Amino acid sequence: MIKNLLFLLLLVSTTSSFAQYYKDYDWEKQPKLHDISAEEKAASSIGIFKKYIVEYASDALEQMPKRFETKHTIARVNDDKGIAEHNTVYIPMYEVKNVVDIKARTINAKGKITLLNQDNIKEVKNVDEYGDFKIFAIEGVEKNSEIEVLYTVEKEFDIYGSETLQADYKIKEAQFLFITGSLDANIKAYRTLEPFNYVNIDGKDEKLLTIKNIPAMVEEEYSTPRANKIAVVYQCFPKGQTITQQMFWSNVSNNVGGRFFPENVLEKAQSDVNTIIAGQNELTPFKKAVLVDNFIKTNFTIVKNNNEDLSDLDYILENRSSSDFGIMKVYAQYLKALDVEYEIVVTANRFLNKFDPDFFIPSMLRDFLIYLPSEKKYIAPDRIESRVGEVPFNILGNYGLFIPSDFDHYFSKIVEEDPDFSRIKRDMDITIDDDFEKVTIIEDQEYYGHWAETSRGVLNLSTEENIKQYKDYLTGSGIEDKEIIAYEEGNVDLNQLGYNTPFTVKSTIASEALLEDAGDSYIFQVGMVIGTQSELYQETERINPIEMTYPNRYNYEIIVHIPEGYEVEGLSSLNIDKRYIGRSGEVLAKFESSYTQDSKTITINIEEFYKTHEFSISKYEEFREVINAASDFNKAAILFKTAE
C-alpha cells in the first residue's frame, strides 16, 4: 500500500553496461553427496547450501536497469518429513518479466543423479492468495538424497528488495551476493554479526555476505520467530540518482499526510458528526475520539479486496463500506470536524516485521494507527475489538513513523503509557461440602486492557463453539467435570465510553475432580482453581529473544473454608517466590504466592506481573522460573485430615 503512495522518482537513463554474472554461474558438473554430522543426519532435513544473487545490470539502450535474481539451494533430506518439505518447488512469479532458466536434480545415497524433466514445470495462478507460481515436483527423491535447485528470473525494476536467509531447518552455509556495478546502492543484514565482504566481479567491488551454520528457526513460546529470521534488505538506484533515507521518509510523510489531514470536512461527514455527538456533554478530546471510534466500528465494514471504490471517500461515506486504507479517511474527516488533534502512525506487526527507522523498505510499512498526542492514546482503525486506549499488542514495541498535521515526521518506539493497562483481578470463595464430595467456587473476576478487549471480541464476534470454549476458560480451565451453577458477564459491549472499563465475570462452579480420597484424609487440588498455566520446560537452547504478548499483572485472593472437624497439612507448597531482576535492580517479573490461616479459613494471595513485554535472552532461566512458578502453583495440593 505504502509503495503505491510513493512519489514517482525520476529515472535517469544510463550509459554504461557490464556483463551479467548469472550467465556464467552454474552448479558443479560432477556433484557428490556432502558429508554431514551424526546430529545433522538425525534431523529431517538440512540445508547444505543456499545462495541468493541479486544483480542490477545497466544498459545504455534501456532507461531503467535490469534486475535478475538467482537462487541456488542444496538440501539433504533424511526422512519422509524432510522429503515432503523439499520435493515440491515453488517459484513466485510476482514482478517476474522473464524466466531465464530453471533446473533441478537429485542425488541419491548411491550417487545416482536424476535431472528435472522440464515438462513437469507448471504455472499455477494465485496459490492460497499469494499470487502466481511456477511449481514442479522433484523426481527420484529417496531418504538420504540431496535435492539441488538453481533458477534465474528477470524481474521488473524495483529500487527495493529483501530476502530471508534463515529457515525452519539448519543451513550449513548461506550466501547473499549483491551486484550493482556502477549504480549507487545500500544493503543491510539483520540478526547476524557477519560482515559483507567485497568480491571483484567484472572489475567492480561487489558485496558478499556468507553465514555458516545458521540454526533452524523454531516456534518458541513468548517469541516472534518469523520476524526474527536472519534477513537482508537492499536498495539500488538508477545511475545519477542520489536518494537518502531521509528523502524516502519525507516522501512517505508528505504522501500520507496529504491523504489523512483533509483541508475541508465533507457535508456527509459533518452530518455523521452531528449524529455522533447528539445529546453528549463534556466532550473532551478523549470522549470525542471514543465516540468517533465507536460510531465507525459499529456502522462501517472493512472489506479486504482491491476495489478502488473502497478508498474513495464519497463512496465510503455513502455505502458504509471501506478498505482498511480508506477507513483512515473517515476517521480524519470526523476528527477534523470535532477539532481533535491527531497524528498518523505508519508501522508494522512486530510478529511479522521489525520496523527499522534507519533503512527504508516499503514492505515493513503495513499498519496504520491514529495517535492522540494530548491523550497519549491510540486508535486502531482496522481492529474491530479495539477501542481508544493503548496500542494493539501486535504493534507494541515496534518503531513507528509518526506524521503530524504539518506533514513533518519523527520516529518513536511504540510503548504503553499505562504500565498496568492489562491486568486480571480474581477473588475466590471456596467451600467443601461436609462429606467431601465436591468443591464449590464462587468467583468474581475483573479483566482490564488487552484481556478485556480479547474477551469482548471473542464473546461478540466469535462462533458459538469458540464462545463455549472461552466460557470454559473464564470458569476455571482444566477443571474436569465442573458444573457451572451461576454465570454472569458484565461490560460485554464492544463500545465502552470510559477508559479501560473492565470486563467482569461472576460465577459459581462445582467440581468433584478437585478432591481425592486418601483413606481417612482428602487431597484438595487447590492450585487447579487458577486454571491451566503456560509452561517453559524446554531443554533445548533458546533461539529467540523473549517477547511476551504484552505486559500484564494478576492479583488473586483465594479464601478456602476449612470443613469443621478437619485440619490442614501441606500448606508450604503454597509459598512460592520467583523473580526476574533487571539490570537496574528493579523486579521486572514476579510470581509470589503466600497464605495465612486461622481456625476457619486459609487465605491465599497471589501476585504475578510482567512489567515489560521484552526480556533479555541472557536471563532466560530467570524468566522461565517465573513463568513455571505459576504452573507449579497449578499443581499444588493440600491435605485435609480429621482433627485430633
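**Close-up 1. Helix H9, largely enclosed by the rest of the structure.** In this predicted model, 10 of the 12 residues of H9 are buried, so the helix is largely enclosed by the rest of the structure. The buried ones are Gly 326, Ile 327, Met 328, Lys 329, Val 330, Tyr 331, Ala 332, Gln 333, Tyr 334 and Leu 335. H9 runs over residues 326-337 and reaches 17 Å from its first C-alpha to its last, close to the 16 Å expected at 1.5 Å a residue. Just after H9, look for Asp 339, which takes a positive phi of about 60°.

**Close-up 2. The largest cavity and its lining.** Searching the whole structure turns up 3 cavities of 30 Å³ or more. The largest cavity comes in at about 180 Å³. It is lined by 16 residues, and those closest to its centre are Arg 387, Val 388, Glu 453, Arg 456 and Asn 500. Helix H10 (residues 450-461) gives the most to this lining, with 3 residues. Sorted by type, the lining of the largest cavity holds 6 nonpolar, 6 polar and 4 charged residues.

**Close-up 3. The second largest pocket.** Here the volume is about 600 Å³. Of the 34 lining residues, Tyr 222, Trp 451, Gln 533, Ser 534 and Tyr 554 are the closest to the centre of this pocket. Several elements each supply at least two residues of the lining: strands S22 (423-432), S23 (439-447), S29 (552-561) and S33 (601-610), plus helices H11 (464-474) and H12 (620-634).

**Close-up 4. Asn 628, a buried residue in helix H12.** Asn 628 sits in H12. With a relative accessible area of 7%, Asn 628 falls under the 20% cut-off, so it counts as buried. Leaving aside residues up to four places away in sequence, Asn 628 touches Glu 535, Leu 536 and Tyr 537.

Close-up 5. You'll find Ala 637 in the loop between H12 and strand S35 (638-642). Its relative accessible area is 28%, so Ala 637 is partly exposed. Setting aside residues up to four places away in sequence, Ala 637 touches Ile 523, Phe 524, Gln 525, Val 526, Gly 570 and Ser 573. Take Ser 573 from that list: Ala 637 and Ser 573 are 64 residues apart in sequence, yet 7.3 Å apart in space, C-alpha to C-alpha.

Definitions and conventions: Residues numbered from 1 in each chain as written. Predicted model: local features only at pLDDT ≥ 70, side-chain atom pairs only at ≥ 80, totals over all residues. Heavy atoms only, no water. 1 Å grid on protein atoms, 1.4 Å probe; cavity = no way out; pocket = protein on both sides within 12 Å on 5 of 7 lines; lining within 4 Å. Points joined across faces, edges and corners; volume = space filled by probe spheres on them. Helix = DSSP H or I, 4+ residues; strand = E, 2+ residues; numbered from the N terminus. Buried < 20%, exposed > 50% of the residue type's maximum accessible area, 1.4 Å probe, protein only. Contact = heavy atoms within 4.5 Å. Expected span 1.5 Å × (residues − 1). Nonpolar A, V, L, I, M, F, W, Y, C, P; charged D, E, K, R; others polar.
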